[in-house]
Each structure stands twice: as structure tokens, then as C-alpha cells.
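User: I am new to this structure and would be grateful for a close look at a single part of it. Please describe that part in one connected account.

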Amino acid sequence: MFRPIKGAVRRRVSRREFLQRGGALVAGLGAGGLIVGGGSTIVSTRVQAQSSDDAKWKQFSGSKLVFMSENTPPSFAIRDNLKAFYDLTGIDVEILTDDLPVVQQKVGIDLRGGSADFQLNYVQDKPIGAPFAEFYADMSKFIGDDSLPQDKDGYGAEAWFDNFLDACGYYYTRDRLVALPYDAAVACTFYRQDLFEKMTKDFEADYGYRLEFTKETTWKQVNDIAKFFKMMHEKDNSIPYGYAQHQGSFAWTTQLDIQRMLFAHGRWTDFNVDDKLGSRTPGKTNWGDPQSVLIMEKFKEQADNSHPDNLANGTLQLNTVYQAGQIAMQVQYHEFAASVEDPKTSAAAGGKTAYAPCPRGEPSWIVNGGEAVNGTNCGIGGIGINANASEDLQKAAWIFASWAVSTNNQFSVLKGLGGTPTRKSVLAIPEVGAARERPTAMPNALTFDAVYDYGILDPNFVLGPKIPKSNEYHQILASEVQKCLAGETSPEEACKAIQTQLDELNEA
Amino acid sequence: MLQTLTTDFRTPRAAPSALNTAPSQRYYVYLLAPAILLLAAISLYPFFWLIYMSLHQVSMSPNQPDVWVGLANYAKLLSDKRYLEGWRLLVVYSVSCMILQVGLGLLLALVLNNSRWEKPLVTVFLMPMMMAPVIAGLVWFYLYNGTFGWYNWVLQSLGILSGTSILGSTSTAMIGIVVVDTWQWTPLITLIVLAGLKRVPQDQLEAHMVDGAGAVRNFFAIVLPNLYPFLLIAVLLRFMDNFRFIDAILRLTGGGPANSTKVLPVYLFEVSFTNFNLGYGAAIAFTLLVVTIVIGMVLVSAFTQPSLQQKH
């Protein structure tokens, strides 16, 4: 098939020559690889305050940045829309996405190792922000810098939904702004309205009140509902279980699961510190007190009446269980509404699901005093800039961060893959206002009443401890809570074990 | 002719005086230097760095120096329940995997050896081994899934599992990860044993059969003793692998539920790369390394025992 061309001059390559050429090729490839794989590049053109907006946007044209992010809708949507940013600025941005624990490990090594392979990071408040806060650039120095483009809606606390800037922006001090709110996962209740209506008579006969869910529904009632559905399921397995928890493998989600129930009862928190700012020295924990023991008992009772795969279901798996129609209710993060409302993948789509705030505390379960609230927790993902990066790289990164959290961008993500806005101005867009009612092209907007108008507001909002050793804290909590739910320890033993380990962790 | 050749070999002609001179010791040092330097760079330096880290509270920040803590990290190990539990789980995990894999691997090799379908079946059986462990973990994670996992459905339909999936219970999660490891690595044992079976001396087998021995007796008297060195290699490799490979476990359970699959290497990973407590992580890693070396030495020394040498 492949014949030598007639008359062609063929030259034999000697072994020495072959090795020389091979060596040169390998060296060339290695050097090329270093250049290509080197990550960022920076090219800058000086601009003045008086320069045009276009010049300010384009001052780092030709540069390259790397953004390490969680695999959430905003990052996917922004990645799809990077051409718009490139056209605006001439900056090439590579967005790498992975599961949160992997992102946490990668950015942790980068930040703490003094490198800046990822100039931009997804700063999830507690797993990434709390342990690595000091390694991020102070973004406040870019705000008001008239040589840099600025968002017309500003960057102050009032520009974002309540508590969001505190959640992901500030750690232990308000002197440094670590990140801008990029996306949000706020807990609310998803429930099967169709099943509730269908079964309310039976439920009322047993429990003496209607089977419905409102913002007044308490955790005690959730336990009743779980118990009722379990009983019905045992009679007829076409009826789903009532409830399921997030007790799967990722420690942080496990901690969040019990935290909202604890906070609902007298606004209980792990430590007596400013919950929104966090503390490097949180002191002794409140775990082991009568309130925590009582709620652990109720939490265990709830687990016993929930879907049996409780200890395997992480947040994503739990949502799959709900989509499959195997449970009638879940407390879930509002970003999942888009998947629940997708008729191709969800048995709970098509108007069957309704959304409400997280359950309220049961007054008779409050033993420490304080009020019953609809304890609502969240993960607010920020976008932060690696402080190890050069000053120019940091400025280029700021331009991207500012663009990524702009109103227009958040609106397009919401319309596209189902984003979770962090700017108040997004809700002021008439199209978004209309989308809060069915039929809607933006399913996440169906949760906005429960989330933005109620859950995230004080006194319902709980952030959870921002402490430098937050990852260790999550692991301790997840291990002990899971042991209790598995029946290996009693609720009291679990709470005491958490207390001992946390006090040791924080040297309190 | 043969006599002549032998004689020539035994009485070589005198070599030229330059070649006759024994090389100096420096000559050997020069020869070995590149290999030693390479070994030092990739192995000895990290080893001593590991020891250094285990004696310090390590700061990854270039601006903060490491703090000398002496043996404090090691002392902490003794009171760390998760560390001690990690050892227990690692022993359970490794021994279970070993027993299953050696048993099944041996059985498969015996069935396949010299069979008509040996080559195609060996190729098929080797497929799991070709898969990256993290991919294997992901595949089995979905197969075990309580909502849509096929294996979960089968096990529930057979009444083996109740409503809880295999990875969702503290009593079955360990079984789940052992099965995945067995699925992936039994082919390696099969392959090694098959190689061993090819070297079992046929004359011994035939002589034994002439003496009236049956297949079972032949197996225990001739085949198994000849396989010992091969089995030892397999056990050594897999034991060390089980002390290192945690990709599938991280993907399947992350060490949960309730730490029931948090074998020591998973705990080590968590301490070092989630909590970034590198000094303490190094202390854990050092103890793990020491135990691995000791087990390795015990197994290697078994090779040298005359009773276990291959009989030819």
C-alpha cells in the first residue's frame, strides 16, 4: 500500500543520529510542555482612571487565568459563555471543575504551598474559606480602584442577598474581604403536594391535623409525617417513605443536616461566637448540653422512620431518591429544584412538588430557652483570588471575578442551567419575578419565596461555625452522628463524644 | 570435541596485563553513582523528609517555619482512636481481600489451566485489572446505588438485602469494598498462579499418578508445593497494594458510614490532604511504612526457606 516513490533519495539514519534526534525531540516536548502547562500568563497595558471603560476591561488582554471551581451550574454556564468574557477583555480563562472535596484538596495544596496555579478559587464558605482565609487576596483593595472596571450595582453587603457577603466574604475579621458571593445553595423543603393531598384523610385520622406543609410546620410534625408514610409504605410499597436525611459520605453535608434542626430549637449553635464572622478561638462547645442531647434523640427517631438508605445518601443521592419518587419530602438545597422539575429525570416534576421554608423548631423541644425558628443553613460559594499570585495577575483575576458575579451573568445562568443568584438585582428583573410562579422556565425561581424572602433572613439564618479547623469539625460530627444513627452509640454518648473531641480540637 | 572445548574453557589463555588488573573500588563507585543518585532523589530524600515532617508541626506556607515537636506526633497516635480503629479495619480489609482473592484466583487458574478456552477467558478475566481503581470505584458506586443500582436491585430481589443498600449500612459497607477489590484484583492472582502451573513438573505428576494418587492428592502433594513461591509473590504484591490503594474506597464510601470503612490509608489521606496536618500525617505514614516493610520482609524471607522452594 505504501510504496517508496521511484527515484526518491533515501538516507539511512544512524543509531547515533537517531538518538540525537530523539533526545532533541524529548527535550523540545518537555520544554513545550512546561510552557503550555505553566498555567497563567500575564500581559498588561497600563491604564489611568481617565481611560475608557473599554481600555480598563482590556488592560490585561493576552493574559491567561485558571479558575478552580466546584462542578456547579454557574461554573458550567460561565464556561459555556467564556467567549463573551474573552471578547470583552482579551483574557483567556480556563475553568477547571471537580467535586467539592477534590477542589478543597487542590486549592489547599496550591494556597498553602505558596503557589498560584489557580489564581481564582471557588471559596465555599466553611470547607474552603474558613481554613484558608488568610491565603486569599483582600478584595477590598480592588473595590473603588478607578483603574479597574467596577460593577454598577456595587459590592457592598446591600448588593447581595442578606447575609451572603458575611457568609463567604469575611472570616474572623471584617478588615479583609476574601471572596464575592458567586453561587448559593440554601436549604428549603421540597414536598410532594399531590401525595400530601391524597393521604391527608388517613393522616388526619391518626394524628389529628391536616397533612400539609407551611412555614409553621415543625420538626415534630416532620417526624410524624415520616412515621406515617413509613407505616403506609409497609402496608403498600407503592407508597413512598416520608422523609430522608443527608447522611451520606461527605462530612459537611452530614453536619448541615443536623445543624438546621438544632438551630431551629432556641437558635442553638455549636459555639458561643459570632456565627456569621466565625472565630479562630471558638472556646468550649455547647455539644453535650441537654438541648443537643434531646435533638440528637429526635434526629435518631427521625432517621429510624426515614428512607432506609439514610447512611448512603449524600445530598446528590438524596435528590435522586426524591426524583425517583421514593420519598414524599426532603429538605434540600434550592439549586436542586431545576432537576426535580425536569420531567425527563424526575417523577416529582409537573407541579407535583411544592416548596416551603425549612421546618420550624418545636416549642416543646426547646429546653435552653430561646425561640423556635425555621433554621435555614446554606453553602455560599464565593469567588476569591489567590494571594500568592502577582499583583497584575490579581487584578486580572478581579476583572473576571467582577464579571462572573455581575447581574447579567447571574441572570443568564439562571435562565440556562439553573443558577442560584447571589445579587438582589437579579430578582428585580421582571422576567425573574414572573418565573416565581408556575409555569416557569426557571424552576429554581419556584424556591425563591421560601429561600430569599424568608429562609435567609434573620432570625432563621444559620451559617455554622467558621473555624480554622472546620474540616476536622465536620469529620468529627459526621462520624459521631452516623454512629448514633447506626445504633452504635446512644444520643447522649454521641453528643459527649462530639464535645470531647471538639474541645480537644480547639484546645478549649 | 566436547572434551577439547571443556579443556579450553577451564584453562583460558592469559589475558593482556591491562585487562588482568582488578578494577579499583572507585571504578565501581562511579558505575553505581548514577543509580544511587537517582534512587536517592526519588526514594531516600522523600523518606528522610517524611521522618523530618513527622517530627515537626509542618507549615506549608513559605513564610512560616516548621516547628520542632519531637515525638509528640507519635505520642498522639497512641491515644488517637481513629488511628487505632484504622489499623483494625485495614487488617480486616486486607486479610479478607487476601483470602478471597487467593482462593478464587487459585480456583480460576486451576479451571483455566490448559483448558480449551484458556486464552480468550484469561483475556476476559484480565479486563477489570486494566481499569483505573477510581473508575472501578465509580462503576461499583452506581451498581450498588440504592435507587437505581443493578446489583442492589438483584440483592434486594433475592432477599439478601433489606431496604438499605450495601454501602449504606455499617455492617455491610466493608463487604462492599472487599468485593470491589476482589473483582478487580483476583485476575492478577489468577495470572500469577497460571504462570506457576505451567512450571509444575509433569514428570513428578505422572510418577505420582503411576503410584496411584488421585487428582486431589496430586494437587496437595505436587501442585501446591510448587505454587508456593508464586502464591507468596501474589500475596506480597496484593498486601502492599491494599496498604496503598484507596482510590476505590474514597469513591465508594469516603470511609463511611460512621467510619466503618475508614481503613488507615483513608484516614491518612484525610489527615494530610483534607486537614493539611502534614506533620501528624507523616507520623501515620511512617508507622504504615514500617509495618509494610516488616510484612514485606517476612514474606520475602519465606521465599528463601528451603521447604518453600520450588521443587524441580
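This is a predicted model: local features need pLDDT of at least 70, side-chain atom pairs count only at pLDDT 80 or more; totals for chains, interfaces and linings use all residues.

Analyst: Across the interface of domain 1 of chain A and domain 2 of chain A, the rule finds zero salt bridges.

The domain assignment of chain A places residues 53-185 and 379-435 in domain 1, and residues 186-377 and 465-505 in domain 2. Taken over C-alpha atoms, the centres of domain 1 of chain A and domain 2 of chain A are separated by 30 Å. Where the domains meet, 27 residues of domain 1 of chain A are in contact with 23 residues of domain 2 of chain A.

The size of an interface is often given as the accessible area lost when the parts come together. For domain 1 of chain A and domain 2 of chain A, the buried area is about 2000 Å², with carbon and sulfur atoms giving 62% of that area. Within domain 1 of chain A, the residues that lose the most area to domain 2 of chain A are Lys126(A), Tyr172(A) and Ala185(A); together they account for 37% of what that side buries.

Although no salt bridge is found across this interface, nine residue pairs, both members at pLDDT 80 or more, are in polar contact between domain 1 of chain A and domain 2 of chain A. On the side of domain 1 of chain A that touches domain 2 of chain A, at least two residues each are supplied by helix H5 (100-112), helix H6 (125-132), helix H7 (164-169) and strand E4 (179-192) of chain A. H6(A) provides the largest share of that side, namely five residues. By class, the side of domain 1 of chain A that touches domain 2 of chain A comprises 14 nonpolar, eight polar and five charged residues.

The contact between chain B and chain A may be set beside this interface. There, 29 residues come from chain B and 31 residues from chain A. The two chains bury about 2300 Å² between them, 52% of it on carbon and sulfur atoms. The count between chain B and chain A is one salt bridge: Asp99(A) pairs with Arg251(B), the closest N and O atoms being 3.5 Å apart. Seven residue pairs, both at pLDDT 80 or more, are in polar contact between chain B and chain A. Helix H13 (residues 264-274) of chain B gives the largest share of the side of chain B that touches chain A, four residues. That side of chain B divides into ten nonpolar, 15 polar and four charged residues.

Key. Residues are numbered from 1 along each chain as its sequence is written. Chains are lettered from A and ligands numbered from 1 in the order in which they are written. Side-chain values use heavy atoms; hydrogens and water are left out. Domain bounds come from an automatic or database domain assignment. Contact means heavy atoms within 4.5 Å. Buried area is the accessible area (1.4 Å probe) that two parts lose on being put together, summed over both. A salt bridge is a side-chain nitrogen of Lys or Arg within 4 Å of a carboxyl oxygen of Asp or Glu. A polar contact is a pair of N or O atoms within 3.5 Å; within protein, one must be able to donate a hydrogen and the other to accept it, and residues adjacent in sequence count only if both atoms are side-chain atoms. Ala, Val, Leu, Ile, Met, Phe, Trp, Tyr, Cys and Pro count as nonpolar, Asp, Glu, Lys and Arg as charged, and the others, Gly among them, as polar.
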